[in-house]
Structure formats: structure tokens, C-alpha cells
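Thanks for coming. Please have the sequence and the model open while I talk.

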Amino acid sequence: MKHIIVAMAAVMALTSCTSKTLVSTQDMKIAQAVQKEGEAYLLERNYTQALRKFLEAEKKNPEDPYLHHNLGLAYMGKEKYALAEKHFQKAIDLNPDYTAAVNSLGTAYMRQEKYDMAIESFRKVADSMLYAKPHYAVSNIGWAYLRKNEYTESIKYFSEALETDPEFVQAIHGKSMALLALDQPEQAISLLEKKIERLPGYAVLHSDLAKAYEEVREYDRARRSWQQVVNMAPEFSSLAEEAEHRLQQLQ
């Protein structure tokens, strides 16, 4: 009789474990489906709805690094950078090789003006063999140094990024800003005129060029560049408003 009781207890324990596994698998499926709904909202920049879906999914599957990355992105969209940082870090804790989350963590640090921590994160991404576009991270290092007002160091990293992708607009823009901050408008003009020949459709580059022209008192050229910005930039955008203001000032 004692053996029968022991055997029954073993069966009950096994059944309990199996049931728990089945529930966990079901929860994971539900979480994945809800997460996909959240990702659709994220693509639409509907961050509130995306966040609701991701938080719902987290209740079912709280240890999914990709879900925590999505939560971080939703919080970034809502400008809740400390919360975004928390979830990006959780994603990395769950998957240390998740370089996209490391890059996103660096961006969250940047938004909170934690520039040295951002540089550390971006260096990890740039050095990773798993990240498809390391020059993005290299350029981000340049932006962190630019925000620290370390302009020469920032130019080094923007230039490195441009060696990999000569048409990477964010690196061109960053390098131009650094050159202007160093009072080197001629070098900025040389860079921008050459790049705009191949990339004529980027209003931000025309804006940078207009500022450089103003620095060397080439006001006619500056006006033409500002007018290009007005023609290209979305109406009522900060870029368009700045261009219209400068055109009025240069009348």
C-alpha cells in the first residue's frame, strides 16, 4: 500500500509539472500575439497603445528580452527615458548578446545627458561582430562627444563612420556641426558641397551649408541654401521655421 501511495504521489507531481509547462507555453503564445499587436502600434508611432500591449504581454512572459526592448522603445517614444533605460538593461541582462538593445540603451543614456555611459554602450556595439551596421554606433559615439563639446574627438568618429558609408547623412550632419563649432566653416563648406552633389534631397545638409556660408559672409549663397530648406522641409517643422527666420534676417 505504501508503494502505491508513493507511486501516486510521483504521478501527481509529474502531472503538476507537465500542466505548468503547458500553461507556460500557452502564456508565451498569447504574449507573442499581443506583442505583435504592440509592434504594429509602435510602427505607427502610437506609443500609448503600443505600451499597453507590451505591458499586457509582459504579464504573460516577463522574461522575454525582445519584449523588454519593445517596452523600452515605447517608453522612449513617450519621452520616459529612465523607464526606457530600465527595460533596455533588462533585455541585455536576459540576453547579453542583444546588441540592438545595447545600442538602444546608449540612446536612452544620450537623452538623459549621460554621455560617458552612452559612449560606453556605443563602443560595445561598434566592437560587436553581431551588429550589422557598426558605423551607426561609431557615429553615435561622435554625437555623444559633440554633446560633450569635445568637437575634435567627435570629428574623429564621424569621419570613421563616413569611411564605411560615405553617404551616411547623420554622420555628415554631425561632422558639419563639429566643424562649425570649431570655427572651421571653410572645411564644412568643402564637405557639404561635395556631399550635397550626391545627396541633394536632405534639407538638414542644406541648413548646415547655409550656416557655413553665413560664417564666411557668403550671404547670397546662404539665402539660396536657406530657400532650399524651406522648399524641402516639412511645413511648420523647426527646420523650416529656422530657414524662414534666417531668410527674413538676410533680406
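First, the ground rules. This is a predicted model, in which local features need pLDDT of at least 70 and side-chain atom pairs count only at pLDDT 80 or more, while totals for chains, interfaces and linings use all residues. Residues are numbered from 1 along each chain as its sequence is written, and side-chain values use heavy atoms, with hydrogens and water left out.

Start with helix 5, residues 99-111. When I say helix, I mean a DSSP run of H or I with at least four residues, numbered from the N terminus. Helix 5 has 13 residues, and from its first C-alpha to its last it reaches 19 Å, close to the 18 Å expected at 1.5 Å a residue. That expected span is 1.5 Å times one less than the number of residues.

How many residues of helix 5 are buried? Buried means under 20% relative accessible area, exposed means over 50%, and partly exposed is in between, using a 1.4 Å probe and protein chains only. The count is 10 of the 13, so helix 5 is largely enclosed by the rest of the structure. Among the buried ones are A101, L105, Y109 and M110. The cover over them includes helix 3 (65-77), helix 4 (81-94), helix 6 (115-127) and helix 7. Just after helix 5, E113 takes a positive phi of about 60°.

Next, W143, which sits in helix 7, residues 134-147. Is W143 buried or exposed? Its relative accessibility is 10%, so W143 counts as buried. Contact here means heavy atoms within 4.5 Å. Leaving aside neighbours within four places in sequence, W143 is in contact with M110, F158, Q170, H173, G174 and M177. M110 is also one of the buried residues of helix 5.

Now the loops. S128 lies between helix 6 and helix 7, and at 17% relative accessibility S128 counts as buried. A polar atom of the S128 side chain lies 3.0 Å from the backbone nitrogen of L130.

R45 is in the loop between helix 1 (2-43) and helix 2 (47-60). R45 is not a glycine, yet has a positive phi of about 65°. Its relative accessibility is 66%, so R45 counts as exposed.

R217 is in the loop between helix 11 (203-215) and helix 12 (219-232). R217 is not a glycine either, and has a positive phi of about 65°. At 66% relative accessibility, R217 counts as exposed.

That is all I have.

Note on methods
Helix = DSSP H or I, 4+ residues; strand = E, 2+ residues; numbered from the N terminus. Polar contact = N/O pair within 3.5 Å; in protein donor to acceptor, adjacent residues only side chain to side chain.
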